Amino acid sequence: MQVRIDPKSGNRISALGLGCMRFPGFALGKPDPRAARAIIERAVERGINYLDTAYLYPGNESAVGAALAQAGVRERVFLATKLPHASCKRAEDFDGFFDEQLRRLRTDHIDYYLLHNITSPAQWERVRALGIEDWIARKKASGAIRAIGFSFHGSTDDFPVLLDAYDWDFCQIQYNYVNERYQAGTAGLHAAAARGMAVFVMEPLLGGRLADKLPASAARLLAQAGEQGLATPADWGLSWVWNHPEVTMVLSGMSSPEMVDANADIAERALPNTMTEKQLATIARVVELFERANRVPCTGCNYCMPCPHGINIPGCFAAYNASFAHGWFTGMQQYFTASAVRTATPRLASNCMSCGACARHCPQHIDIPARMADVRRRFQPGPVNAILKAIRP
């Protein structure tokens with residue numbers, strides 16, 4: 001396994017990290033414990049030594065803690081989890097959440113601790129006023145927290161402000177070949193690295209959309225390129241991120257031991273500054289094709305769920321995007337599945353009441369009610385509504 005160096009601590013971190021959020025069962029909030037253990041054990045076998053979870057991933061910290069304990073590999077990995085800072089109303093809440101996380105994870109320390117989903121400097125200033133700087137200092141002095149950082153989902157302009165707001169050890173950003181100018185972007189990657197911080201990358205394949213959900217024209221382009229060692233769209237996407245020497249580690253949400261093996265194989269050979277000009281030009285063309293078909297930048301993270309009205313929001317958006325990438329009928333088929341049309345209680349886009357509960361939790365800052373109206377117009381014009389009514393049980 002390729003390793004890269006954390007410039008602050010000197011830790012040797014595997015270039016590939018295991019993002020634990022998408023373990024089998026995650027969409028239901030009940031990660032499969034046996035599947036989680038199998039994935040973690042295979043990851044450690046392949047040299048992956050960084051695991052990422054969070055308080056807000058339902059059932060995930062407990063599943064990770066149990067798997068690490070049962071496999072006896074806690075001391076072989078760097079463990080990362082995240083503080084739900086928006087739920088902290090007073091200084092005592094920092095310890096309340098942290099102590100619960102230690103119990104869930106069955107450990108006495110967190111190697112990499114993050115403030116979860118920071119979207120603006122104002123969020124940092126709020127917890128700073130509660131005394132989080134002193135709290136961090138105490139936890140680091142005791143060894144309970146080894147490194148402190150934040151995951152970012154805000155604007156390009158706000159990112160350097162946050163970098164300079166505190167003496168961070170590391171940061172975590174969304175980065176892939178279609179997000180060079182989105183959120184932190186390439187400019188943010190370089191800015192963080194210039195400050196001597198480790199930079200961890202999430203969403204390198206945009207929730208799988210750069211792996212098996214590319215527009216057909218883009219997938220054909222990559223296949224026709226016939227580049228050695230780049231057999232799949234995932235190979236191309238991950239290799240592109242690892243081509244950047246400023247990237248310390250790439251998180252992948254691997255949902256099976258086989259996926260671990262596939263990604264670990266890529267990680268072993270995708271070294272910095274090794275992609276050719278021809279390969280980079282191919283990626284640039286893929287970006288053009290992807291952007292034509294990409295209408296809603298949903299990554300399927302499920303932060304918006306559950307919908308109070310039962311709508312499968314990520315499923316609706318996946319169908320909507322598929323209708324542009326692969327054709328209207330393909331998208332419509334996916335929409336039928338996502339909205340449970342053939343049941344007595346279908347959950348269609350037209351069920352949306354524009355309450356906004358979903359949009360407040362979206363790390364991509366999607367105006368979900370407005371885009372759900374787009375889904376309704378695309379898939380439920382007048383004649384289709386009549387058909388939907390006719391095929392219900």
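Ile366 sits in the loop that runs between helix 13 (328-338) and helix 14 (368-379). The model is predicted. Start at this residue. Its relative accessible area is 6%, so Ile366 is buried. What does Ile366 touch, leaving out residues up to four places away in sequence? The partners are Val296, Pro297, Cys298, Phe317, Ala359 and Arg371. For a sense of scale, take Ala218. Ile366 and Ala218 are 148 residues apart in sequence, and their C-alpha atoms are 24 Å apart in space.

The loop between helix 13 and helix 14 also holds Ser354. Here the backbone is the point of interest. Most residues other than glycine have a negative phi. Ser354 is not a glycine, yet its phi is positive, at about 55 degrees. Leu206 is another such case. Its phi is positive too, at about 55 degrees, and Leu206 is not a glycine. Where does Leu206 lie? It is found in the loop between strand 9 and helix 8 (216-225). Leu206 has a relative accessible area of 4%, which makes it buried.

Next comes a peptide bond. Most peptide bonds are trans. The bond that joins Met305 and Pro306 is cis, with omega at about 0 degrees. Met305 belongs to the loop between helix 11 (277-293) and helix 12 (313-325). Pro306 is in the loop between helix 11 and helix 12 as well. Is Met305 buried or partly exposed? Its relative accessibility is 29%, so Met305 counts as partly exposed. Buried would require a value under 20%. With neighbours within four places in sequence set aside, Met305 contacts Ile311, Asn312, Ile313 and Pro314. Met305 and Asp167 are 138 residues apart along the chain, and 34 Å separates their C-alpha atoms.

Now turn to the helices. Two packed helices are described by the angle between their axes and the distance between the axes. Take helix 9 (residues 233-242) and helix 10 (residues 257-269). They pack at an angle of about 40 degrees, and their axes are 10 Å apart. Helix 9 and helix 10 are therefore oblique to each other. The crossing of helix 9 past helix 10 is right-handed. Which residues make the contact? Helix 9 supplies Ala234, Asp235, Leu238, Ser239 and Trp242. Helix 10 supplies Asn263, Ile266, Ala267 and Arg269. Sorted by class, this contact between helix 9 and helix 10 has five nonpolar residues, two polar ones and two charged ones.

Nine of its ten residues are buried, so helix 9 is largely enclosed by the rest of the structure. The buried residues of helix 9 are Ala234, Asp235, Trp236, Gly237, Leu238, Ser239, Trp240, Val241 and Trp242.

Tyr50 is in strand 4 (residues 50-52) and Tyr112 is in strand 6 (residues 110-118). The two residues are 62 residues apart, and their pair links distant parts of the chain. Tyr50 has a relative accessible area of 0% and is buried. Tyr112, at 1%, is buried.

Tyr112 also pairs with Phe200. This pair is edge-to-face, with 5.5 Å from centre to centre and 75 degrees between the planes. Why does this pair tie together separate parts of the sequence? Tyr112 lies in strand 6 and Phe200 in strand 9 (residues 198-202), so the pair ties together parts that are 88 residues apart in sequence. Phe200 has 0% relative accessibility and therefore counts as buried.

Ring pairs link Trp124, Phe150, Phe152, Phe159, Tyr166 and Trp168.

Conventions. Residues numbered from 1 in each chain as written. Predicted model: local features only at pLDDT ≥ 70, side-chain atom pairs only at ≥ 80, totals over all residues. Heavy atoms only, no water. Axes fitted to C-alpha atoms, helices over the stretch in contact; angles between N-to-C directions. Helix = DSSP H or I, 4+ residues; strand = E, 2+ residues; numbered from the N terminus. Parallel < 35°, antiparallel > 145°, perpendicular 65-115°, else oblique. Left-handed = near helix turned anticlockwise from the far one by under 90°. Contact = heavy atoms within 4.5 Å. Nonpolar A, V, L, I, M, F, W, Y, C, P; charged D, E, K, R; others polar. Buried < 20%, exposed > 50% of the residue type's maximum accessible area, 1.4 Å probe, protein only. Phe/Tyr/Trp six-rings, centres within 6.5 Å; stacked < 30°, edge-to-face > 60°.
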